[in-house]
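Student: Please show me the sequence and the structure, and then we can go through some questions.

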Amino acid sequence: MTPAGRRIVAAAEELFYNRGITAVGVDLIAERSGVTKRTLYNQFGSKDRLVAAYLTERDQRWRSLVRAAVDASDTPAEAVTAPFEALRTWSETNTRGCAFINALAELPDPSHSAYRIAANQKLWLLNLFKELAATAGCSHPATLATQLLVLHEGAVATQPLSLDSLPESTDLARVLVQASLSHGQ
């Protein structure tokens, strides 16, 4: 991506995340990124492709943070709840909830590229929970993965309300993992 393209994505991310995808026009993104609309369209072709680029960049950062948390885990059981630890770090600078949930709400058409990126981010996390649970020897890893995803997403969704449900969600996730390990033996 060119330097102008990176500036455009950075401006789009700040605006889309804080104001909403449908509420922000390309004029404002171009102005904030210091480029012309023509440059924006030359770089991305359309607002939809820019939205997709914004979500893809965000998804890559999130996945890197989660993978680092998994890699830093001392045990396979600890790794199962590592995405909750990653969320704690992520939430220090991302306080308006989940950009992917927001995108799914704003762009409900499953054929929209941004919808697919957001949906795939959730499926990736579900599959990661399942893989980590299986590796740790948890019983019924698919069921546990769904439970952990619901807890994780609930913590994200309630974040803008200042409920600080992440510590309780993390504790409950650990309880579920431990119970699953006990039943698996």
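This is a predicted model: local features need pLDDT of at least 70, side-chain atom pairs count only at pLDDT 80 or more; totals for chains, interfaces and linings use all residues.

Tutor: Residues are numbered from 1 along each chain as its sequence is written, and side-chain values use heavy atoms, with hydrogens and water left out.

Student: How are helix α6 and helix α9 oriented as they pack?

Tutor: Helices here are DSSP runs of H or I with at least four residues, numbered from the N terminus. Helix α6 (residues 82-90) and helix α9 (residues 141-158) have axes 11 Å apart, at an angle of about 10°; axes are lines fitted to C-alpha atoms over the stretch in contact, and angles run from 0 to 180 degrees between N-to-C directions. Angles under 35 degrees count as roughly parallel, so α6 and α9 are roughly parallel.

Student: Which class does the ring pair of W62 and W90 belong to?

Tutor: Rings of Phe, Tyr and Trp (its six-membered ring) pair if their centres lie within 6.5 Å, and planes under 30 degrees apart count as stacked, over 60 as edge-to-face and the rest as tilted. The centres of W62 and W90 are 5.5 Å apart and the planes are at 75°, so the pair is edge-to-face.

Student: Is W62 buried or exposed?

Tutor: Buried means under 20% relative accessible area and exposed over 50%, with partly exposed in between (1.4 Å probe, protein chains only). W62 has a relative accessible area of 4%, so W62 is buried.

Conventions:
Helices (H or I, at least four residues) and strands (E, at least two) are DSSP runs, numbered from the N terminus. Angles under 35 degrees count as roughly parallel, over 145 as roughly antiparallel, 65 to 115 as roughly perpendicular and the rest as oblique.
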